[in-house]
Amino acid sequence: MRNRLILPLIIALLAVPVGFAYVHWSKGGPGTGLYSRHWSPDPVQGYWDPDNFYQSTKIVEGVFKAELCIQCHEGITPGIVADWRASRHAQSEETVTCNACHGNNHQQLRMPTPDVCGSCHEKQHGEFLDEARYGFPSHVLAMDRAVDAKHFVDKPKAEVQSCVQCHSVATKCDSCHTRHRFDAAEARRPEACITCHSGPPHPDDETYFASAHGKLYLAEGNGWDWSKPLTKGNYKAPTCAYCHMDGGRHQVAHKSLWKFGLREVNPHTSKNQLLRKKWIKLCSDCHDEEKARQWLTELDQERKQAWKKLYAAEDVLKDLRSDNLLHPAAGERPPYPMDWLDSLWPRERIGFFEGQASVFYNVSAIERDYFEMWYFDNLGAYKSAAHGHSTGVKEGHRKMEASLDRIETQADALRDLVEAEQEAKITPEGSGDLWMKGAYTDYNREHN
Amino acid sequence: MRNRLILPLIIALLAVPVGFAYVHWSKGGPGTGLYSRHWSPDPVQGYWDPDNFYQSTKIVEGVFKAELCIQCHEGITPGIVADWRASRHAQSEETVTCNACHGNNHQQLRMPTPDVCGSCHEKQHGEFLDEARYGFPSHVLAMDRAVDAKHFVDKPKAEVQSCVQCHSVATKCDSCHTRHRFDAAEARRPEACITCHSGPPHPDDETYFASAHGKLYLAEGNGWDWSKPLTKGNYKAPTCAYCHMDGGRHQVAHKSLWKFGLREVNPHTSKNQLLRKKWIKLCSDCHDEEKARQWLTELDQERKQAWKKLYAAEDVLKDLRSDNLLHPAAGERPPYPMDWLDSLWPRERIGFFEGQASVFYNVSAIERDYFEMWYFDNLGAYKSAAHGHSTGVKEGHRKMEASLDRIETQADALRDLVEAEQEAKITPEGSGDLWMKGAYTDYNREHN
Amino acid sequence: MRNRLILPLIIALLAVPVGFAYVHWSKGGPGTGLYSRHWSPDPVQGYWDPDNFYQSTKIVEGVFKAELCIQCHEGITPGIVADWRASRHAQSEETVTCNACHGNNHQQLRMPTPDVCGSCHEKQHGEFLDEARYGFPSHVLAMDRAVDAKHFVDKPKAEVQSCVQCHSVATKCDSCHTRHRFDAAEARRPEACITCHSGPPHPDDETYFASAHGKLYLAEGNGWDWSKPLTKGNYKAPTCAYCHMDGGRHQVAHKSLWKFGLREVNPHTSKNQLLRKKWIKLCSDCHDEEKARQWLTELDQERKQAWKKLYAAEDVLKDLRSDNLLHPAAGERPPYPMDWLDSLWPRERIGFFEGQASVFYNVSAIERDYFEMWYFDNLGAYKSAAHGHSTGVKEGHRKMEASLDRIETQADALRDLVEAEQEAKITPEGSGDLWMKGAYTDYNREHN
């Protein structure tokens with residue numbers, strides 16, 4: 001009898017807080033995403049995520065026909081009118097004018113979202129949306145991923161804004177097809193990609209341009225006919241888009257095998273063997289299939305070697321954790337937003353696998369070194385190996401070795417110091433205050 | 001009675017050394033500027049500062065008409081003759097020949113200074129000179145600033161020579177208009193600027209080319225008509241000169257608001273509001289005014305965040321100074337040249353505000369870290385934010401955080417070590433000798 | 001009598017092991033070079049060193065005439081056929097078809113080596129081979145040098161493969177003349193060189209493009225006529241090839257004076273004065289001879305200053321060695337391959353001069369810092385000075401100073417720690433295990 005009451009009782013007791021939480025949640029806040037209540041958008045974000053945040057400036061009143069838009073803007077912003085005139089929108093039989101994308105009421109102008117572009121460019125828009133089923137990394141999920149990241153409300157908004165700018169590739173089309181030409185020929189060139197795909201942790205720019213492929217592009221690319229589709233025989237050397245968007249397909253995730261070098265990948269699963277065949281087929285547009293296969297084997301071996309080093313570093317950190325030598329430790333700093341489990345039961349996480357990836361800004365110096373080894377040195381080596389930049393492979397592994405050396409040296413010094421302190425009966429002071437007790441993150445959560 | 005004698009006596013006693021000092025000063029030495037007596041120019045400096053140092057090579061004797069110059073140099077250095085032939089100097093009705101700039105006596109050839117060019121190009125030369133009233137940073141004061149810097153005679157000449165090379169933009173015109181085409185079209189392109197404006201602490205090159213603006217230039221700039229003036233509608237994307245020398249105005253300082261990111265700037269002063277309006281007007285050549293305003297607000301916020309970090313680091317250093325833990329301390333190293341006050345009363349300066357900016361080469365490792373945080377990490381973030389290179393903003397702040405972490409960790413370790421040494425009654429040895437007691441700087445002052 | 005027997009006896013006793021060693025040696029292993037028995041080539045190496053390792057893929061059977069090759073590959077790999085059609089091989093009177101280089105039996109295809117190309121291009125091939133008499137660095141010895149390096153079998157193959165890729169410039173011609181155009185015009189452009197000549201320790205790419213010369217190339221190079229030979233008057237600004245392969249001469253070593261900045265060079269030897277004259281003559285294609293001479297003097301002074309810093313660092317390390325403070329010490333890590341003398345008598349080497357150059361991967365952190373100061377900071381400064389990238393000179397010396405500071409600080413800390421440990425009677429634990437006792441290198445020697 002008593003047993004039959006327990007379950008309903010538990011459900012009833014849980015129902016109240018869960019209900020409250022749900023209501024709280026569903027109302028949302030001025031931001032978007034998981035932490036919508038914890039941040040407000042800066043006005044400029046309207047240009048990066050127009051669907052959620054754009055507000056028309058309301059300077060000019062009136063409803064205008066395209067001729068009038070053009071007439072006026074010819075004087076105010078002649079460059080964008082000239083670009084439009086040179087575009088297919090202006091030159092095709094059925095002209096696409098200002099109104100089609102921005103509306104005609106100047107008080108309620110809109111910035112076009114992918115849906116607006118997709119109303120005509122159905123195929124491309126469909127392919128773009130389809131990326132979602134491959135998860136992240138992908139372009140279509142880039143904005144969600146940015147604002148749902150654990151650190152998005154923890155770090156100062158002045159810094160995370162710079163993330164949002166590139167991640168806006170999910171919420172507008174002119175990241176690649178710049179306004180107002182929106183030219184396929186432009187988007188086929190590597191410059192369309194490298195505005196975002198450069199610098200650590202994704203030196204696609206640097207590694208491609210340093211490869212034999214990139215070198216050919218640099219020396220001769222200005223003379224190539226960029227109006228041609230991205231198919232076999234049309235280009236002397238491949239570009240970002242030729243390989244990752246082959247045939248002009250508007251999504252890059254369907255061939256994704258090595259996952260940005262972020263995780264160790266087993267290249268021998270049947271799924272990965274299939275992906276590998278796609279790559280080999282692509283390479284054989286120009287190269288012997290066997291050669292492509294051998295290059296990919298080299299990439300596998302580079303990855304294996306990189307992970308060997310990363311695991312060695314991770315082991316050092318795990319040993320320090322076992323001995324309680326990492327400070328600030330999990331309980332000494334604030335939990336990440338909405339991680340109620342972490343509030344109750346703070347756990348020191350080591351590296352990507354334990355879920356520490358996004359939060360390496362309020363940790364000890366040695367943990368930061370590990371983060372940088374993984375996120376910068378390792379990914380630099382990966383991108384170099386994948387893009388054929390051989391000196392970059394050497395450089396990435398050189399940096400990984402230097403990081404590992406530094407991590408080991410620091411760990412040794414830490415143990416030596418603790419031992420000396422114990423001998424001398426000194427109580428250690430602990431590390432600086434900045435990252436401790438939420439001095440950094442609490443402030444940001446209140447002000448972002 | 002005695003009182004009436006004291007003042008004349010003091011004056012008389014002061015007059016002698018002041019008089020000696022003045023005579024010494026007024027005679028000057030083989031160099032130029034504040035420390036002219038402390039250095040001699042290398043011969044190559046004649047090409048960088050011709051007015052002060054160029055000496056004709058005197059290999060050939062004779063006074064020549066232009067036809068003869070050309071005839072002979074067609075064989076010796078055909079490239080420069082071909083450049084001249086392709087220039088407006090050769091193609092305009094009133095030909096400007098060799099003699100106009102170099103003279104016609106081969107024993108007394110001169111290298112043209114801005115004054116020589118300015119004798120025809122009055123407007124541009126006037127604008128260039130006008131920069132002086134905005135102080136430094138500016139092009140026209142670049143050479144003075146280089147040779148008057150505290151470290152100019154303190155550091156080895158082999159190193160400061162590399163400074164002089166770029167700072168020669170003040171003393172010759174072919175830094176931007178390379179000889180012998182002297183083409184406006186060339187100087188309008190970003191390449192004219194980036195020979196000097198690259199690398200830490202002023203990665204203008206890297207941040208512009210990584211921005212959406214720079215990407216458009218890279219992809220399409222070769223096809224633009226560079227003979228057009230730098231005004232609204234003529235260029236699809238802006239370049240260095242389009243924004244900083246808008247309308248072709250030969251000075252960049254009149255819009256200078258953020259001062260290179262070197263100091264914290266209050267963006268709300270009425271003067272800075274006026275400067276901001278100039279920028280917004282410029283941006284609105286292509287963009288909505290409101291958007292420009294919002295972007296600049298983002299830049300303000302980035303700056304605020306950067307200074308928060310810099311002040312945190314400065315505080316750590318000031319605390320160490322209070323506890324007398326910075327070595328070599330002010331009294332342990334030589335005063336800077338002609339800083340007689342520092343000889344009598346050595347003071348440990350922290351950071352830019354206390355006047356330490358130019359001298360971070362004979363200080364402790366932790367002070368150097370602070371210098372690099374300020375001068376490299378911070379300025380990298382600033383230039384990225386100002387030029388629209390979003391991954392650079394992230395990277396700059398990541399580096400600032402890493403520097404701050406390192407500074408705090410070093411400060412903790414320093415305190416721990418001192419405490420342990422006190423417990424163990426060990427007298428610390430102090431840091432290495434290189435920077436101490438002038439071993440480094442005294443040598444240079446005698447040999448530069 | 002006994003004396004007369006001793007020598008023959010010693011010879012007889014030595015003969016046996018020496019004989020065995022010779023037989024072992026002469027048979028060689030699956031690799032090439034000094035350590036041929038210690039490594040096996042990955043299949044991809046067949047493309048980098050075809051003479052030694054290429055194996056035909058044997059997918060297609062048959063002996064084909066060129067027409068058939070072309071007909072089939074027009075469909076399979078149309079790009080390479082198009083390149084060939086645009087080449088002089090296809091357009092000259094005496095057509096050079098597929099067979100000439102690859103053979104006509106599809107089961108026994110070959111990848112062309114320099115010898116194959118040299119059978120027609122005798123002059124260029126002869127010049128290329130002639131580089132050998134200048135020793136290394138040189139292109140023709142690059143592959144030998146790579147596989148004979150002490151670390152080639154000691155480091156993981158996944159890493160040293162990235163070396164072999166660039167060093168294949170010795171064993172195939174399409175490193176510079178990419179297939180299947182093999183265009184002289186292409187190889188004259190700097191992009192042909194920078195695929196390999198970039199990044200630390202040889203930032204030729206970065207330093208050239210940041211110079212005034214490189215800037216002119218970037219802004220205008222696309223409009224130059226690259227079919228012209230590399231001689232006086234044909235190019236507005238010099239490129240890699242213009243200076244290092246002047247007149248189209250296919251070897252770069254005959255003017256080599258500063259030896260990559262790796263060693264200190266006495267510029268005043270009569271041999272080096274002759275080499276200097278070659279450079280001055282080259283510079284005077286465009287510049288005043290006197291100016292060229294002065295620039296080279298600046299380079300000498302930069303080098304002198306760099307070595308002053310390097311020696312200061314070396315002295316710190318030698319002092320640590322004298323006091324037995326470097327760990328792992330020579331006896332604590334495995335000897336380098338085939339260094340039997342090191343096995344018997346392990347010696348701690350400091351820096352390049354004592355022969356430690358190639359092996360800075362299993363040493364203490366402070367030795368690694370010294371290596372990086374020498375190999376990266378110093379060479380960055382050198383290349384900047386040599387290529388006219390003035391901000392790079394400043395940056396290189398700034399990094400050298402920071403490295404020197406770090407080395408001195410570490411050395412001080414090491415001495416302090418040891419002193420404190422002695423006071424407290426603590427036995428130090430020594431450094432991490434990774435580099436000790438061959439854990440790292442033994443594994444690689446078995447698996448490479």
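This is a predicted model: local features need pLDDT of at least 70, side-chain atom pairs count only at pLDDT 80 or more; totals for chains, interfaces and linings use all residues.
Only 2% of the interface residues of chain C are also interface residues in chain B, so the copies meet through different surfaces.

**How the copies are related**

**The interface of chain C and chain B**

- On the side of chain C, 47 residues are in contact with 59 residues of chain B, and the two chains bury about 4,300 Å² between them, with 51% of that area on carbon and sulfur atoms.
- Seven salt bridges are found across the interface of chain C and chain B; one of them joins Glu159(B) to Lys309(C), whose closest N and O atoms are 2.4 Å apart.
- Between chain C and chain B, 13 residue pairs are in polar contact, counting pairs in which both residues have pLDDT 80 or more.
- Helix H15 (212-220), helix H18 (289-322) and helix H21 (390-424) of chain C each supply at least two residues of the side that touches chain B, and the largest share, 18 residues, comes from H21(C).
- By residue class, the side of chain C that touches chain B divides into 22 charged, 14 polar and 11 nonpolar residues.

**The interface of chain A and chain B**

- Here the contact takes 59 residues from chain A and 47 residues from chain B, while the area buried between chain A and chain B is about 4,300 Å², 51% of it on carbon and sulfur atoms.
- The count of salt bridges between chain A and chain B is seven, and among them is the one in which the side chains of Lys155(A) and Glu401(B) meet, at 3.9 Å from N to O.
- Polar contacts between chain A and chain B come to 13 residue pairs, both residues being at pLDDT 80 or more.
- Several helices of chain A give two or more residues to the side that touches chain B, including helix H2 (45-48), helix H4 (66-76), helix H5 (78-85), helix H20 (365-387) and helix H22 (441-447); H11(A) gives the most, with seven residues.
- The side of chain A that touches chain B is made up of 27 nonpolar, 19 polar and 13 charged residues.

**Disulfides**

- Over all chains, the structure holds three disulfides, one of which joins Cys166(A) to Cys196(A) with an S to S distance of 2.5 Å.
- The torsion about the S-S bond of Cys166(A) and Cys196(A) is about -100 degrees, so this disulfide is left-handed.
- The pair links distant parts of the chain, 30 residues apart, with Cys166(A) in helix H11 (residues 157-167) of chain A and Cys196(A) in the loop between helix H13 (191-194) and helix H14 (204-209) of chain A.
- Both H11 and H13 of chain A are also among the elements that give two or more residues to the side of chain A that touches chain B.

Technical notes. Residues are numbered from 1 along each chain as its sequence is written. Chains are lettered from A and ligands numbered from 1 in the order in which they are written. Side-chain values use heavy atoms; hydrogens and water are left out. Contact means heavy atoms within 4.5 Å. Buried area is the accessible area (1.4 Å probe) that two parts lose on being put together, summed over both. A salt bridge is a side-chain nitrogen of Lys or Arg within 4 Å of a carboxyl oxygen of Asp or Glu. A polar contact is a pair of N or O atoms within 3.5 Å; within protein, one must be able to donate a hydrogen and the other to accept it, and residues adjacent in sequence count only if both atoms are side-chain atoms. Helices (H or I, at least four residues) and strands (E, at least two) are DSSP runs, numbered from the N terminus. Ala, Val, Leu, Ile, Met, Phe, Trp, Tyr, Cys and Pro count as nonpolar, Asp, Glu, Lys and Arg as charged, and the others, Gly among them, as polar. A disulfide is a pair of cysteine sulfur atoms within 2.5 Å.
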